[in-house]
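Hi,

Here is the structure I said I would pass on.

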Amino acid sequence: KPQELAVLRAALLEQRAFRREQLAGIRRSTGPDEAVGDRRTARAQVRDHLGVAARIVLADVEAALHRIDTGHYWQCRACRGVIELSRLRICPQALYCGECHRVREAAGG
């Protein structure tokens with residue numbers, strides 16, 4: 001497990017660096033020509049949506065790193081069982097085991 005955890009931590013750190021750079025790029029690309037009267041350009045709206053999504057993923061990644069640091073990384077938030085390694089390899093910031101994720105998705109969220 002320590003070796004797998006190191007690989008997952010590295011993936012999370014890489015994701016954190018990417019999201020931070022993405023957010024910095026979004027901030028740098030904001031220009032004064034974004035607003036036309038009370039209406040914002042489509043480009044500004046898309047950038048805002050990308051920024052929101054990047055901040056959400058960044059928060060999820062930070063939370064996963066915190067769970068690693070506190071020893072709760074493998075624990076499903078719903079059933080307190082173990083989150084499958086195969087699932088964490090795909091989505092290292094996952095909060096739920098596969099079964100709990102399926103139940104949540106079927107219930108609408």
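Let me start with the inside face of helix H1: its buried residues are Leu-8, Leu-12, Arg-19, Leu-23, Ala-24 and Ile-26. Keep in mind that this is a predicted model. Helix H2 (42-70) and helix H3 (85-90) are among the things that cover those buried positions. As for the helix itself, H1 runs over residues 2-28, which makes 27 residues, and spans 39 Å from its first C-alpha to its last, close to the 39 Å expected at 1.5 Å a residue.

What Arg-19 does have is a polar contact of 2.9 Å between its side chain and that of Gln-22. If you set aside neighbours within four places in sequence, Arg-19 is also in contact with Ala-54, Val-57 and Leu-58.

On to the salt bridges, where the count comes to six. One of them joins the side chains of Glu-4 and Arg-89, at 2.7 Å from N to O. This pair links distant parts of the chain, with Glu-4 in helix H1 and Arg-89 in helix H3, 85 residues apart. Glu-4 counts as partly exposed because its relative accessibility is 25%.

Another salt bridge brings together the side chains of Glu-62 and Arg-20, at 3.0 Å from N to O. Glu-62 lies in helix H2 and Arg-20 in helix H1, so this pair ties together parts that are 42 residues apart in sequence. Both ends are partly exposed: Glu-62 has a relative accessibility of 28%, and Arg-20 has a relative accessible area of 44%.

Then there is the salt bridge between the side chains of Glu-21 and Arg-28, at 2.8 Å from N to O. Glu-21 is partly exposed at 44% relative accessibility, whereas Arg-28 is exposed, with a relative accessible area of 59%. You will also find a network here: Arg-16, Arg-20 and Glu-62 are joined by salt bridges that share partners.

Two loop residues are worth a look as well. Gln-93 is in the loop between H3 and helix H4 (98-106). Is Gln-93 buried or exposed? It counts as buried, because its relative accessibility is 18% and the cut-off for buried is under 20%. Leaving out residues up to four places away in sequence, Gln-93 touches Leu-12, Val-57, Asp-60, Val-61, Ala-64 and Arg-67. Leu-12 is one of the buried residues of H1, and Val-57 is also a contact of Arg-19.

The other one is Arg-80, in the loop between H2 and H3. Most residues other than glycine have a negative phi. Arg-80 is not a glycine, yet has a positive phi of about 70 degrees. Arg-80 is exposed, with a relative accessible area of 53%.

Cheers

Technical notes. Residues are numbered from 1 along each chain as its sequence is written. This is a predicted model: local features need pLDDT of at least 70, side-chain atom pairs count only at pLDDT 80 or more; totals for chains, interfaces and linings use all residues. Side-chain values use heavy atoms; hydrogens and water are left out. Helices (H or I, at least four residues) and strands (E, at least two) are DSSP runs, numbered from the N terminus. The expected span of a helix is 1.5 Å times one less than its number of residues. Buried means under 20% relative accessible area, exposed over 50%, partly exposed in between (1.4 Å probe, protein chains only). Contact means heavy atoms within 4.5 Å. A polar contact is a pair of N or O atoms within 3.5 Å; within protein, one must be able to donate a hydrogen and the other to accept it, and residues adjacent in sequence count only if both atoms are side-chain atoms. A salt bridge is a side-chain nitrogen of Lys or Arg within 4 Å of a carboxyl oxygen of Asp or Glu.
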